[in-house]
Amino acid sequence: MTTTEKTQQYVLQTYGRFPLTVVRGEGTRVWDERGREYLDFCSGIATCSLGHCHPALTNAISEQAGILMHCSNLYYIEPQADLAELIVEKVVQQPGKIFFSNSGAEANDGLIKLARRFGLKSGRYEVITFKKSFHGRTIGSMSATAQPKIHEGFDPLLPGFRYVEPNDLDAVKAALTDKTVAFLLEPIQGEGGVHPMTREFLEGLSSLAKQKDLLLLLDEVQCGFGRTGDLNGYETIAPGLAPDAISWAKGMGGGFPIGAFWVSEKHASLLGPGSHGSTYGGNALACAASKAVIETIISEALPENVKAREIQIRETIASWNHPAITEVRGHGLLLGIGINPAALDIPGGQVPSIHLCSELLGKGLLVPPAGPETVRLLPPLTVTSGEVIKALELVQGVLDSHLSS
Ligand SMILES: *Cc1c(COP(=O)(O)O)cnc(C)c1O
């Protein structure tokens, strides 16, 4: 049986997959089982921030695997303490503490638990989240996610969420009740179609939170750790913003599964001994991997490369003046190319973004869709100017070949 056949027979069919089996990767390139090469502008959906098999990450993992892979959180774990120090001191640069999980959904579940503890004394538990958001697939993070298609068939959801239009401070004010305890949001909505929050909105939420004694919780699972051109996604939009807690996953492991959340020192005691935990969370191997990733992002000044490549991408696409492109949204290397399906010949019944991503795959470029009318660009933070030129040539070629006459 081929990998495709085995997967169809033995793996639960929860994913719509493109017809490709990736067997090897190096930098921004991957290869399929027949040896065909692809440019990878998906990078594991924003996880492989250093590209594939970066020696700093490969070496850190093999070295740590030969020293200590796992011991439980019953004991102290050196790479865990080192990684927590690195994130607090060099990334967030605000006093606080870290909890380690294995994924983004788990990190967000932790933020929801934090919010409930925060509201305990005043009897508040309601978290305001935003339409088109994505926070994960556990029952908690899925309930926080304000997208009907994610909820479909899973009622009853976890109670205690209110969904509000993003970038609309008046709508937020109107949704406040005496049960409201926190705001949870992505500074740039990723899965929902690459929709950035505005500076006014983030700052407005922050002052509203202070005024009403609410927590400002940021989901940086996709936009954190350099992806936007700054170490924190929110800094790119609203420098100086002071969230109460932040969740991460995706890019922080460079492809190794790890997630985490940071809680400001002021609220760090809300989750004390016995209140939260994870068997594998903060595992020595995952933490050694993440530490290598974050150190490399800082030492190689990758956020600078991200900013330069963003400008290159925006200028190149603007120069096409393409009738099928409505806009380029996002920040850094979390970008969405908005597509106008009316300008294109898309076969009947096909979702435009998925059809274009399939066509690009056929031409040797991996890109993920984000919603029905957006093609996302998520190359590794290490992507070169030459690779950007090549990838954009493929995008332009596929769009041109689909122009309706
Ligand atoms: C991917 C994603 C998640 C979920 O992360 P998992 O590791 O898949 O659980 C949560 N929030 C955002 C913003 C994401 O992009």
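Let's start inside the protein: the largest nonpolar core has 84 residues, and Ile87, Phe183 and Trp248 have the most contacts inside it. Such a core is a set of buried Ala, Val, Leu, Ile, Met, Phe, Trp, Tyr and Cys residues joined through side-chain atoms within 4.5 Å, where buried means under 20% relative accessible area with a 1.4 Å probe, protein chains only. Helix H4 (residues 78–92) gives this core its largest share, seven residues; helices are DSSP runs of H or I, at least four residues, numbered from the N terminus. Domain 1 (3–53 + 302–401) and domain 2 (56–299) both contribute, so the core lies between them; the domain bounds come from an automatic or database assignment.

This is a predicted model, in which local features need pLDDT of at least 70 and side-chain atom pairs count only at pLDDT 80 or more, while totals for chains, interfaces and linings use all residues. Residues are numbered from 1 along each chain as its sequence is written, and side-chain values use heavy atoms, without hydrogens and water.

A cavity is a set of points on a 1 Å grid over the protein atoms alone where a 1.4 Å probe fits but cannot get out, and lining residues have an atom within 4 Å of a point. The largest cavity holds about 50 Å³, and residues lining it include Ala46, Glu220, Arg227 and Leu381. Each of domain 1 and domain 2 supplies at least three residues of that lining.

The second largest cavity, about 30 Å³, is lined by Ile339, Leu356, Leu360, Val375, Val395 and Leu399. Helix H13 (352–363) and helix H14 (385–401) each provide at least two of its lining residues.

Note on methods. Buried means under 20% relative accessible area, exposed over 50%, partly exposed in between (1.4 Å probe, protein chains only). On a 1 Å grid over the protein atoms alone, a cavity is a set of points where a 1.4 Å probe fits but cannot get out, and a pocket is an open set with protein on both sides within 12 Å along at least five of seven lines; lining residues have an atom within 4 Å of a point. Grid points are joined across faces, edges and corners, and a volume is the space filled by probe spheres set on the points.
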